[in-house]
Each structure stands twice: as structure tokens, then as C-alpha cells.
Amino acid sequence: MFSEALPSPLPGMKLWAANCGRYHFVISHDDGHTLRSDEIAEWQGYIASYKSLENRAAPAVRIDGLWQRFSDAKQACQAAWQQLRQQH
């Protein structure tokens with residue numbers, strides 16, 4: 001489902017992307033190099049979001065959570081995808 005996306009413009013940030021139906025999902029991981037020291041504990045880990053492919057003007061939606069493992073962020077994306085499918 002997810003493949004590593006284009007290189008990030010920020011050092012220490014990695015991005016993975018997947019298209020599922022009418023949505024584009026992204027998982028990002030910051031190893032702390034792009035953050036101030038007071039932000040590291042709060043934001044270090046995997047963050048997930050999705051965006052509509054049909055309405056490109058719509059903003060991305062962050063999936064609640066900050067995960068220490070990629071597999072957990074991926075599971076959160078899959079759960080969000082299931083909810084989106086049920087809504088449409």
C-alpha cells in the first residue's frame with residue numbers, strides 16, 4: 001500500500017504515500033533534526049494524514065495520533081480509509 005515518496009526537503013524527515021480510492025494518504029516521520037529541542041518529545045515519531053483526490057482545493061486532514069512505529073501509523077490510515085469508505 002505505502003511506498004516511500006519523494007525525498008523530503010527537510011533533513012531528517014521521511015515521507016511515505018499511498019492512493020486508496022478517492023484519497024491520498026501520507027505518513028511522515030521526523031527523527032528530530034527539523035525540530036527545536038522543546039518540540040522533539042512532542043512531535044518526534046510518525047504522523048499520518050489524508051487528502052481528497054477529487055477536491056484538490058480541500059485541505060489535508062491529520063489523523064489523530066503520534067506513533068512510534070510505522071506499522072501503527074499504517075494501521076491508523078487503514079482504519080481512516082475504512083471509515084471514509086463507509087461514509088460514501
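Predicted model: local features only at pLDDT ≥ 70, side-chain atom pairs only at ≥ 80, totals over all residues.
1. Aromatic pairs number seven in the structure. In one of them, F2 and F70, the ring centres are 6.1 Å apart and the planes meet at 85 degrees, so the arrangement is edge-to-face. F2 sits in the segment before β1 (3-4) and F70 in helix α2 (residues 70-87), so this pair ties together parts 68 residues apart in sequence.

2. The two partners fall on either side of the 20% limit for burial. F2 has a relative accessible area of 15% and is buried, whereas F70, at 24%, counts as partly exposed.

3. Y23 and Y50 also pair edge-to-face, because their ring centres lie 5.8 Å apart with the planes at 85 degrees. Y23 belongs to strand β3 (residues 23-30) and Y50 to strand β4 (residues 45-52), so the contact ties together parts that are 27 residues apart in sequence. Both Y23 and Y50 are buried.

4. F2 and F70 are also members of one aromatic cluster, together with W16 and Y46.

5. The length of α2 agrees with expectation: at 1.5 Å a residue its 18 residues should span 26 Å, and the end C-alpha atoms are 26 Å apart.

6. Buried residues in α2 are A73, A76, C77, A80, W81 and L84. Viewed down the axis of α2, the buried residues fall within an arc of 140 degrees, so they line one face of the helix. They pack against β2 (13-20), β3, β4 and β5 (61-67). Q75, Q83 and Q86, on the other side of α2, are exposed.

Technical notes. Residues numbered from 1 in each chain as written. Heavy atoms only, no water. Phe/Tyr/Trp six-rings, centres within 6.5 Å; stacked < 30°, edge-to-face > 60°. Helix = DSSP H or I, 4+ residues; strand = E, 2+ residues; numbered from the N terminus. Buried < 20%, exposed > 50% of the residue type's maximum accessible area, 1.4 Å probe, protein only. Expected span 1.5 Å × (residues − 1). Arc of directions from axis to C-beta. Contact = heavy atoms within 4.5 Å.
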